[in-house]
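Student: I would like to learn how to read the contacts between aromatic rings in a protein model. Could we go through an example together?

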Amino acid sequence: MSKILIINAGSSSIKWTLFDYDLNMVAKGVVERIKQKLGLLTIVFNGIKTTKEVALPSFDFAINELVKEWEENKVISDFNEIEHIAFRIVNGGPNLRETCEVTKKAINYLKDALDLAPVHNKGALETILAIEKVFVKQRKTLHFDTSFHKTLDKIEYTYPIDNKLSEKLNIRKYGFHGLSHHYIALKMEEILNKKEVNIVNLHIGNGASLCAIEKSKSIATSMGFTPLAGVMMGTRSGDVDPSIIPYIMKHNNWTIDQTMHMLNENSGLLGVSEYSQDFRDIKTHIEKPQIKFTYDLYIQKISDYLINYLNKIQGKIDAIVFTAGVAENNSDLRKHVIERINLIPLDIDDSKNNQNDFKEYNLISSKKSSIPIYVVRTNEELYIAKEAKELDRR
C-alpha cells in the first residue's frame, strides 16, 4: 500500500510520521541530538516504542541510520511504497508562500530564507538534501507554516519602519504555526458544524503563537518576521524593546550572533526562571519564588495577546481554543489565562477543564462564559498528509 512520509526537521532533530493512503498513522518517531556527541533514534510502531543511542555527526548520517532502523524494525518492507514525502518548513520567505514541489529553484529560495527562521530552516534544508540522496523517485513537497497567514491585511503585516527598507529586504510579518492554526480552524468548522468560524486559537507549546481567525482565515498572528516575536515561549523571549539588543551588545561585549542566540535559545521560561524551558519543570517547582514569577509572567503575556486578538474579530466570536503540547496538557494554564481576562465575562468549568483524557477536543467553559472555550488536539502531521494526498489527486 502507498504511504506518505511527513518530515519535520529542526536545528538538531528530525520528527517523522508515516501514514498509509487512507491517512491512518503507520509509525512515527524522532531523531534527536544530531551533530552532538550521542544521538537518539526513537521509533513507535505496532504499539512498541524502541530507542537507540548512536552517533549522528550529520543530517546525511542521521537519515541513513533512520533508514536502517526502518528496515530492521520492519516499519517499511519496500521503500517504493513511500509515494510522497512532505516536508514541514517554518518559513520559505517572500518567494515561497504556497505548498510546492521540491525543485532546485525552491531549494535556492529556501537558502535565501535561512535567516528568517534560524533555529529551524538550516536543519530542514539539510534534511531535504539528505532525503533526496536516499529517496530519488518519490514525489517531494514543501509545506509552509507561513502559508495560512498569507491572508493577513497589509495593516497587520507591515512594520512601522522605513518603507523603502521594508520593501528592499522583504521585512514584514510572516506568521508561523500556520499548519496548526489552519488545522484547528478546519476542526472547529467540523465541531461547530459551520462553513466558516471566528475563533482565537492559542497554540501554546515550547514555541507559542496566537492567531485571530475570522471567517476561517488568519487576520492577525503573534509571531512576526521570525518566530522570535509574540508571547513568551520556552526559550524565546517573545516581544522585547529592540533597543535592548544594541544595549546588551555594548555593555556585555557580545556579537549580534551571541545576542540573538540568547533571545532565541536562552530566554523565555528558561531565561527568566534560570532553571528550565520545560513547562512541566516550572509547574513541579512552582513554590520557588523565581519560578512562580516566571509562571505568572508567562500567563500574563499570553492573556495580553488573547484580549487583543479577541478585539480584532468583527462579528460574533464562535470560540477560544487552546491547542499544542503545553496548552493541551495543562488545565491550570488554561484556567489562569482565562482568569486574567477582565474586560469580558469568560468562565472555565473546572470539572470539564480537569478532564485530560479527552480524545480530540473538549468544551471546557461553563454556561456563564460569554464565549465558548475549547481545548482541541492539534495534528499538523495529519494536516500535511491530507494536503499531500490532495496534491496527488490533481
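Tutor: Let us begin with Trp70, which in this predicted model is buried, having a relative accessible area of 2%.

Student: How are the rings of Trp70 and Phe79 placed, and what is the pair called?

Tutor: A pair is named from the angle between its ring planes, where under 30 degrees counts as stacked, over 60 as edge-to-face and the rest as tilted. The centres of the Trp70 and Phe79 rings are 6.3 Å apart and their planes stand at 35°, so this pair is tilted.

Student: What kind of pair do Trp70 and Phe135 form?

Tutor: Trp70 and Phe135 form a tilted pair, with 6.4 Å from centre to centre and 55° between the planes. Because Trp70 lies in helix H1 (residues 59-72) while Phe135 lies in the loop between helix H3 (121-134) and strand E8 (139-144), the pair ties together parts that are 65 residues apart in sequence. Phe135 is itself buried, with a relative accessible area of 2%.

Student: Which residues do ring pairs link into a cluster?

Tutor: The cluster linked by ring pairs holds Trp16, Trp70, Phe79 and Phe135, and the count of aromatic pairs comes to 9.

Definitions and conventions: Residues numbered from 1 in each chain as written. Predicted model: local features only at pLDDT ≥ 70, side-chain atom pairs only at ≥ 80, totals over all residues. Heavy atoms only, no water. Phe/Tyr/Trp six-rings, centres within 6.5 Å; stacked < 30°, edge-to-face > 60°. Buried < 20%, exposed > 50% of the residue type's maximum accessible area, 1.4 Å probe, protein only. Helix = DSSP H or I, 4+ residues; strand = E, 2+ residues; numbered from the N terminus.
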